[in-house]
Structure formats: C-alpha cells, structure tokens
Amino acid sequence: MFRITKKESFTKAEAIIYRLFGFSVGIIFSGIIIAALGYPVFKTFISLAEGSFGSSIAIRNTISFLIPLSVTALGLSIAFKMRYWNIGGEGQILMGATAAMGVSMVLPSGMPGPLMMLSMLVAGFIGGSIWALIPGFFRINMKTNETLFTLMMNYLAICFVQYLYFELWRDPAKKGFPGIQDIPFRARIPYVSGISLAILAPLIIVLVVYFLIKKTKLGYEIRVVGESEPTAHYAGMNVKKIMFVGVMLSGGIVGVAGAVKLMGSTGTLSSSLGGGAGFTAIVIAWLANLSAPMIVLVSFLIAALEQGAQFIQVRMGVPAAVADIVKGLILMSVLGSEFMLRYKILFGVHTASKKLEERASVDPTMQDSDPESEVVEDSI
Amino acid sequence: MESIVRNDLHPAFSMRGITKMFGTVLANDSVDFEVLPGEIHALLGENGSGKSTLMNVLSGIYRPDDGQIEVYGELKEFRSPGDAIDSGIGMIHQHYKLAEAMTATENIVAGMKKPPKNSGKKDDVLRTDILRYASRSPAKTQQKIIEFSSRFGIEFDPSIPAGQLSVSQKQSVEIIKVLLRGASILILDEPTAVLTPQEAKKLFSVLRKMAAQGCAIVFISHKLNEIMALCDRVTVLRKGQSIETCTVSEIDAYDLVEKMVGRKINLSINKPDPDPERRVCLDVKGLTYSDSKSVPKLDNLSFTTYYGEILGVAGLAGGGQKELCESIAGIIRPQQGDILVDNERIAGLSPRDITQKGVAMCFIPEDRLGMGLVASMGIEENILLKEYALTKGPLIRMKDATTKAEQIINELEIKTPGLKHPVRMLSGGNIQKVILGREIHLNPKLMIAAYAVRGLDIHSSYTIYNLLNEQKQKNVSVLYIGEDLDVLIDLCDRIMVLCQGKNMGIVDASSTTKEEIGQMMSGTTLEELKRGVSYV
Amino acid sequence: MKRVMSMIVAVLMMAGIFAIAGCGDAKDAKKDEVLKVGVLYISPEDDGGYSQAHAEGIAKALATYGDKIEIKKLESVDDADVEATNAAIENLVNDGCKLIFTTSYGYMDPTVAAAAKYPEVYFSHCSGYKYSGNGYEGKNMDAYFGQIETARYLSGIVAGMMTETDQLGYVAAFPIPEVIRGINAYTLGARSVNPDVVVKVSWTNTWFDPAVEQASAEALLADGCDVMAQHQDSPSAIEAAESAGALAIGYDLTYTGAPNAYLTAPLWDWGTYYTYKIGQVLDGKWEVENYWGGMKEGVAKLDALSSLVSEEAKAAVEAARAEVTEKGNAFVFAGPIYDQNGELKVAEGESIPYGDQMGMNWFVDGVIGQIPS
C-alpha cells in the first residue's frame, strides 16, 4: 500500500535538485534508448543542443515554435487560474486564425498594413473568445463539464476549417487544388534582421497577463474564484460575470496566438495551423505553475526541445519515432520531478509522519499549530 | 455480570517514555500515561500539546521513536492499527466512518474478524455467533447486537441505514463496532463535541457502565466541566510532556487549566453590560428558506438584535444556523421573509449591494478557509477581499491593504512569518484572528460570528471572546452562533435557540440553564417549557 | 521566490546545453565533400505506402551513388502545417543539404518560400504546380510527378474484367486534381473493357488514417462493390476487401498481406527520377524542369498481376499495355470522354491538355460520387 500526499512547501535547494535530477534522468533514459538503437549517444545530444541553439537558423526555428506555445499557454493560464479547465486551446487558435483570415479577406486591399494587422489581431481575439465562450456559457449557467466540452470544440473547429479549406473559401487560383488564399503581403508580420516581429506578441502578452493577474481587480477576482467559489460569493463577487470575462480573455488570447501564427508564420489557414500547440500549452502552463513569466521560459525550453528533436533526425538520421521518444522522455522526467517536488509518496502506514516531518522542518508556523491534526488525505 | 478484567495487578495499558519527533517538533517528549481497567481517564491538553500524537501511537497509527507500550502487562510493538485492535485497543474518532447507505448492523458486521480459537476473550462466542448469522439471518444478528448494546444501556435500531441515525446514535454504532472487535480499551476523541447536553449525559452513563464492566476508557476533551463530572483521573499534557496525573475528586477546574496552559487564566468571561437603550439593529421577519433539494432549512424565523449586545444562537448542528447567517449576509436568497438593518431592507441583496447601501455588516463564516479566507493567499491579499471593490479604478490597491494588514497583525498579535505567507499555513487561532481583524476594521454595525472558536485552544478562544466583547462595548450588535452552551451563557446577553430552522424562543442568559436550552434545542418551545410541557 | 529559483535552474540547464553544443561545433569539417540530400516525408518512411515508395526510390539513388551522397530525412512532417514544414526545411538547410526533395503537395508554398530564401540550395517539389518560371521567380526549384494514371488505367482494366457486380469501390483521400485524375483514369480503363461498370467513390479527407480508410472500404463493400481500389497511404482498403472476400487493387507498393484479394497495383518507382536528378546536381548540371515521367520512363508501372487475375483479364491488360506505355496520359485521356452528366468534355481525336489534367475537377461518366465545389 502506498499513498500520495501533497507537500505544503519545499525549499529552493530542493526545487533545484529535483529539477536537475529529473532533467538528468530524462537524459540518461533517452541516452540508453539511443545507445540501444545503435546511435552515438554523446553526439546525438550535442546535435540536440546544436539544433535548438547552435546556429541562427536553429534559434529562429526555436523562436518560431516558442511564439504560439507561449501565447497559448498564457491565455490558458487565465482560465486555469479559475480552475476552469480550458482544454480547447487548439480550437481557439484555429478560430482566432479563422476570424483573422476572414477579416483579411473582406478588408479593402488598399488598407495600410499596420491597420490591417491590428484589425486581424482584434478579430483573432474575438474569434478565440467566442469559441471559448460557447462551452463557457454552458459551464457558467448549467454547470456542464467544461473539460469535455472544450475538448470537443477542438474537433468542431478542425472540421469547420476543413470545410472552409475544401469548400467555402477554396481558392480558385490553386488550379483545382484545395486551399485558402494567402493573406495579403502587407498583413504579414515583418522580419527585422531575421527575427519575426511576432516575438513581440509573447513579450507584450506576458506583461499584460502578469499585470492583469497581479495588479487588477479582475485578476484578483479570478484568483479568488479559482481558489474557492464560496469565498468569492462571500466577498460579494459576481462569480458568473468574473468567469465569463475570464473565459473570454483566456480564449481571446489563445485566439490572438492563432492570428499571430497566421500573420507571422503560415500566411494561410488550414486545419493544421494549431499544430498541437493548444495541447502542448496545457503542459507548459502547469509546468510553469501558472506563473506568466515562467510560462515564457518553459515555452522556450519546450520549443528548444521540439526543434532539437527534429534536428537530430536530420543530423543523426534518428527516426522520427525515436526523436519523439527522446522528447517525451525528457518531458516526462521533468514533469515527474515536478510531481516528486510537490507530492510525496508514502509507503506503509507509519511513514505518514515523514510528511509532517517535512512540513515541520520548513514551516516555522507549525510550531504553534497542531502537527498531528492533519492526517494524510488520499490513499491509493 | 462478570468482569472482563483479566489481571487486576496490571494497568489496562501503560505507556512509558513515549517520544515522537516530527522533524524539529517534539510532539511527545518522554510521555508516561497509564490507565487502569474499569477507569475513565481524561487526557487533557491544548491543541498541539501532543494528545492526538500520543493516542495515535497507542492505536498503532504512528510508531514512537522511543518508549514502551504494555497492554495488560505484556510488552507490545504495534506495526499497524490492526495490531492495536488485536490487542484490544479501539479508537472512536471525531469523524465517524460509517457507510451511510448500509444499515447499522451491516456497518457493525462489515470487517469483523472471526476471533482466534481459545483466545480466552469474553465475547468470543457472541462474536462468532454474530458472524455466523450475519449472512443468513439479519434478524438474529440484530437481536444479538441489541442484546449486546443493552448491556451498556445503548439503544438504537440496528436495522435502519446509518445515514438516518442521529449523530449520537451514529456514535453508539461506532462504539458497538469497536467493542465487538474485541476492544476493552476505548479511546474517545472529544466525543461530546457534537452532542446536546442531554445526549452527552446519556453517553456518560454508557461510559460509566462500560467502565463498571472493566473497560478502560480514555476520554480526550478540553471541556473541564465534563471531565470533572465524568472522569476518575486526569492526565494533563502540555507542550508534548505529561505534566501530571491526578485524581479528579482532589482537584478543581482552575488548577487543571493552570496545569494545562502553564499559567493562571481567568476562566470567567468578563461580560460588560449591554447597552440599556435597546435600539433595534437587525430585524428578521418570517424568514423561510429551503435549499436546492427543497429541504426546509429556515421556517418562519423572526427575531431582533439590539445595538451593544451579543445575541447568542444555540442549536444542534444543521439546525439552520448556517442558512440564517448566509441569508443575512446576502449569500443565499431566502424564499420568504424580510431582513432589515436600521430599517433598511437588505433581504435579497448581494453582499456587495448591502455594502454599497452603506449597511456596515460583517460575517465571520464557520468555514474559515473555505469561505472566509482565500487559503493560499497571504494576509494582505485576504484583507483586500472585502475592500478591493470599494476603491475606484480597475486596479487593486495593495499599499492600503499592506498597511491595514500590519495594523491588524499588531493589534491582534497574529503570529505569521510574513504578510504574504499563505493563511492556510497559520494556526487555527491566527486564521480566526485574520478574519476577525479584517471584519472589525470594516467598522460594522452588525457582526455575525459563526462558530468563531471552533477548533481553537482555550487561550485563543478567550482572545476571541474578548474581541467580541470589545465590539459590543463599541455598540456593535453581535450575533454569535455557538456550540458550547457554557460559553453561550457566559458570553451572550440573550440566547435564541433554533431547532430545525424554527425559533424555539429567546432566553435571558443570566437566568437560563443549560438544561433549559438543551430541551429547546430538542424541539420544545420556550412557551411549552413555561407551561411545563416537555418532549424530551 | 520559487520563480526566481526555477529561472536559475533553467538558466543553468541551458548554460550546460550551450557548453556542450559549443564543443560540438568544430566536428563536421569534411562534410563538404559529399552532397547532402534532404528529403521531407509526410508519413513514416516505412508506411507501406506513399512515403515508402519515395524512400525506396531514394535508396536506389543512394545505391547508385554510394559515398558521394548522404541522405538527410525528416519523417511525419504534416504538410498542412506550414510552420512545421518551414521548420523542417530550415533544419535540412541548417545541416548542410544542397538538394532537397519535398515529397507531398502541401509542401509546395513552404518550398517556394525556402527556395527564395536559400538560392544556393536546389529544391524539388513533388506533385505541385509551382517551380522556377511558373509561380516562382528564382532558378533553383523543380517540380516532379509522374503519369501514374497510365498504370491506374491498366489496373482499371483488371478491375473491369474481374468484377461480377459491375460495381467498383474507390477509397479516396482528398478531392484534389491528383486524386480525381486517378479515379477518372481508373474508370476509363475499366469501362474500356466493361462499359457497364460504375466506380463508387468515398472521400476520407485524410492521407493516412487506417481506421477511417477501412471504414470507408467496408461501407463500399457493403454497398455492393466487389473490387476495391484506393488512393491512400495505408493498405487498409485491401485488407478490408480480404476480410470481406472481395478483390482489391493496391497503390504505391506491392502488398503481400492479402493473398486472396490482391490483384495488382499502380506503382511508383521514384528511383529512376531520384537517380537522374541527383546525378544532375553531382555533375553540376542542374536544370529546371517540370518532370512528368510515365511508364515509358519507368517512374510509373503496374505491379505483376497476381494469380487471382483471370487469363482474359491478363490478355486485356497486355492488349493495352504497349500503347499506354508509349503514349502515356495522352492515350488515357483521349476522347471521346463524357462527364457524369453525359456532356461531351473531350471530342474524338483530342485529348485533355496537360494544364487541364493538372487542374482536373470533374468526374468522367461512370463515376458515382461528388466533388465538393
């Protein structure tokens, strides 16, 4: 018998050691697999790093992965703060991009570029937030399960974009091939010395989200609602309204991620535009413990890993599946270390005291409270 | 009736030199504790004094770092709670662990083990019988259980689902369950916390009968009057050490408190006189509320409170206290009735509307961390909870909150490592002070405090009582929902008794008795009492 | 506090990685001697279908040139995900590839963009219509594809001869000209020997999803079809036919997993093209072209007919083979051809011009199915 308990807190040293340990375990395990398949281990890891940071192309690629991941994760984190499980990032990215695409098609072509871009970003925000508010409405008013609902909305969005791609918005200039026209050149986010200005999106949005959550009344309300709805009611908050606005912001920012991807990278819309960022961003948001600055940092590491894993296929001839395993193992180990950092697995009965031991050693206030009053909660 | 005492030369159990460390905290420091067969022995101590640790060691949940346990003269080493049960040690926890959908009988039988052959324990035959009948003849099983229970004067219907039993009946089921597992040493963790005075009295007689039949009983409590009334001896723990074991008849309550707290404490609450003007503050008229499952919670409830007085509310758990508080505070909407503060209608308004109408009111909910505070936030952000909405603009003003938080920490002597330290990591007393401090700072006309001292130690409780009295002296009207009738009588000016959402009557604290309140709690109205009718 | 410390951890990790990466840089000094050839696949190299056919062609070229070339590949790159495609091409360039084959239609626009960005690298894109001089200004991008319709036409003859219900099933990926051409060629082939035949089409809207492909095939079989054909990257339709006791025509590769169903398949043999194109670059004689080889060049061929194929069917195939091989698609799409509405689209003596074949968006008479407009 063993049970899992949440640790009350951990020291800085612990956090560093656990994370380094997790990272190393991931490296070691994937090293074993690489070796077992007959590839040179050391060289493979060097290419992994080289592929992520080793050259200007590598860094550019890493950044282009980083942008949608971080913006999406920032958007999702607002919903997660409210304990609203927005799993619909992928669909919100797509609908944000769809709205931006639609606007670019109806706007007069003579419109100045920056104005056009701004309208597309606003459209992206609206598209994403509407898509998020559909399940949000049902969750807020009828207490439906938003996890399933938002998840399903992803597939609906994919089908909708496929419909646009193959039928409604099919571009006749493509000689019978399906596909949607490219957005006007003036609506594309420009590059400055090789770096897309789209990088401004996460940099601005991280400040906005950080400020929103930490400094505004709305952010404060969002945090209180997430912690406990009864408390929010008690404090006189309009929980429904707060959730509505929170979900709208969350979906909107994710929608902006879609619009930015459309304008900064793909230039056209397809059902693959999300590229799985809506799902990866969930992991990022949690790895970053929903802290906005950390989200950008974690996105950077994940993007680097993603890019590096592709590069080892090229450089070392490692099959895609193996590169995925390496990526997965490193990610798993880091996630595992987070788990080990925040939770404690207890074997047997008497070791229950260990948990309290830890709490007591890190928490000076334990002295005047009752150390034995809390008995371990979850049993497996 | 034959005695189940096996060896009168030995204590039922004796713990010697028990030491248990949690990290740097010494929860038990070489504690000695010994209980004789046939004895009711109180274990007294404040929160954190090591009572629960010691009992968890005895019941096999923790293993001690040092020390010995002997049971009936035999040295034992418990590796698990099962070992302790096999040695005849049974614990009745504060929170009952019954399957609500199963009948009392099923709850009792489930998990019962067949006694080992020739174990020599007295009730082996009975236990074997019960187990044998359990699957075939519920009626016979029930019969056996009723027979067994009646030995101790315990009465309940073993055929009805546990969920339909009253709190005290559930407790009886737990006791029978433990006894039928062969326990002759019984540990009861604050067993009277959830009972009416009448039920508590009944429990005492049951415990006395059990002791008379040779059971050793450990009675954990911090209600001194109960210890004085029930127990033979008392062992006082303080800061992890056993301070003294004394015979109850040779000591008085004041000495006990002194031993427990380590210094003299004035146990009487200094009750200032209420404001003689008797200006009405809160006026509740015909309040009726049913919850979302249409269960009536408040039934045509009417009463008034006055400025400069404390109106106590007594009643059994679930008697409508929570709904009353939440209706007044605007958290739930009563279906009928009216609520006026200073002749201003607030029924149906949201908490924020009420504040914006200028009706200064504060509510200290019973669920501190789940409702009154945001558990993971620090004190300053919790101070913001009530005020952030009052400032202009879209931003929160942290500076004001910080100043106020520092002020409250100083005034109420809150112990915390910092303003941002999550409140859930504070001790219960400090958590309550944070809420009280915040609410007092709103300068309310009306203050509602629900179970304000629940889970607090004596010292913290008295601090809270004093704070409430200070409010009363500032002419605030205080509505105090309480559990401990002694405290209600000592603290409040008048006491309203609720039973199933109805007002049973309001009595004057200076002239009422616990018995009177207890009868009203069980459904007799004050008028009926005056006419000499009683249903209890 | 926690945040600060986590950042320190992350920075430490990255510093470590950079340090390792730094000492790795100097190594590949002698790499310039060999030609690095990059290949982008839409599915795994061993998908038993489209990508495997390309991979086998690359392997043939590698066998021809040995140490002179080195293959750099990226598998499972979603061709509808522009960003992923861009990144993949960038990675190939970053590793020093001087010739890059992008093997799926959806890679077209990213390939154009990359060609413009890296004029010193040669690009060849498969199955699209943009190349140097046609939708792209630079001088370094090729287009290539093959007249697989010739082999489709012959496989249609086999199916037309073998069917008993006169209903053929066709599991098709997307309603795009490449697929529509194949269906039309197949239908024309079948009706050349059996005018009563109809071809029922089921769209899957995916190149590779065995479960969906199988479900579509099963629906067609249940609807009365007794010979299946497919334009997909997995052999699921053949397997569905095998389970249902029906017959099947494969695609891309010989399939040995269904001995009681497999008749033959239109096959790609990309080795011919890859050997030819890599040779051009090795010799320094790169030429922009829109390569469209057929059976004559050996890029398209019909698999050996299995033992299930009747003697009459074999004879019918042989009767047509020589002319199809010689004339290619001009023979397959020679008039008179009527569309689904019975309108004459191609008159006697004419044939569909190349451009119209590339943009084909209508079905010939005998196809039951719709092209979403």
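Visitor: Into which domains is chain C divided?

Guide: Domain bounds come from an automatic or database domain assignment. In this predicted model, chain C has domain 1 (34-146 + 270-293) and domain 2 (148-265 + 303-368). Local features need pLDDT of at least 70, side-chain atom pairs count only at pLDDT 80 or more, and totals for chains, interfaces and linings use all residues. Residues are numbered from 1 along each chain as its sequence is written, chains are lettered from A and ligands numbered from 1 in the order in which they are written, and side-chain values use heavy atoms, with hydrogens and water left out.

Visitor: What is the mean pLDDT of chain C?

Guide: The pLDDT is the predictor's confidence in each residue, from 0 to 100. Its mean for chain C is 88, and 91% of the residues reach 70 or more. Over residues 18-31 of chain C, however, it is below 50. Where pLDDT is low, the predicted coordinates should not be read in detail.

Visitor: What area is buried between domain 1 and domain 2 of chain C?

Guide: Buried area is the accessible area (1.4 Å probe) that two parts lose on being put together, summed over both. For domain 1 and domain 2 of chain C, this amounts to about 1300 Å², with 61% given by carbon and sulfur atoms. On the side of domain 1 of chain C, the residues that lose the most area to domain 2 are Tyr50(C), Phe145(C) and Trp292(C), together 40% of what that side buries.

Visitor: How many salt bridges are counted between chain C and chain A?

Guide: A salt bridge is a side-chain nitrogen of Lys or Arg within 4 Å of a carboxyl oxygen of Asp or Glu. The count between chain C and chain A is three. One salt bridge joins Asp95(C) and Arg315(A), at 2.3 Å from N to O. Between the two domains of chain C, by contrast, the count is zero.

Visitor: How many residues of chain C are in contact with chain A?

Guide: There are 52 residues of chain C in contact with 57 residues of chain A. These two chains bury about 5100 Å² between them, 62% of it on carbon and sulfur atoms. Chain B and chain C do not touch, and 11 Å lies between their nearest C-alpha atoms.

Definitions and conventions. Contact means heavy atoms within 4.5 Å.
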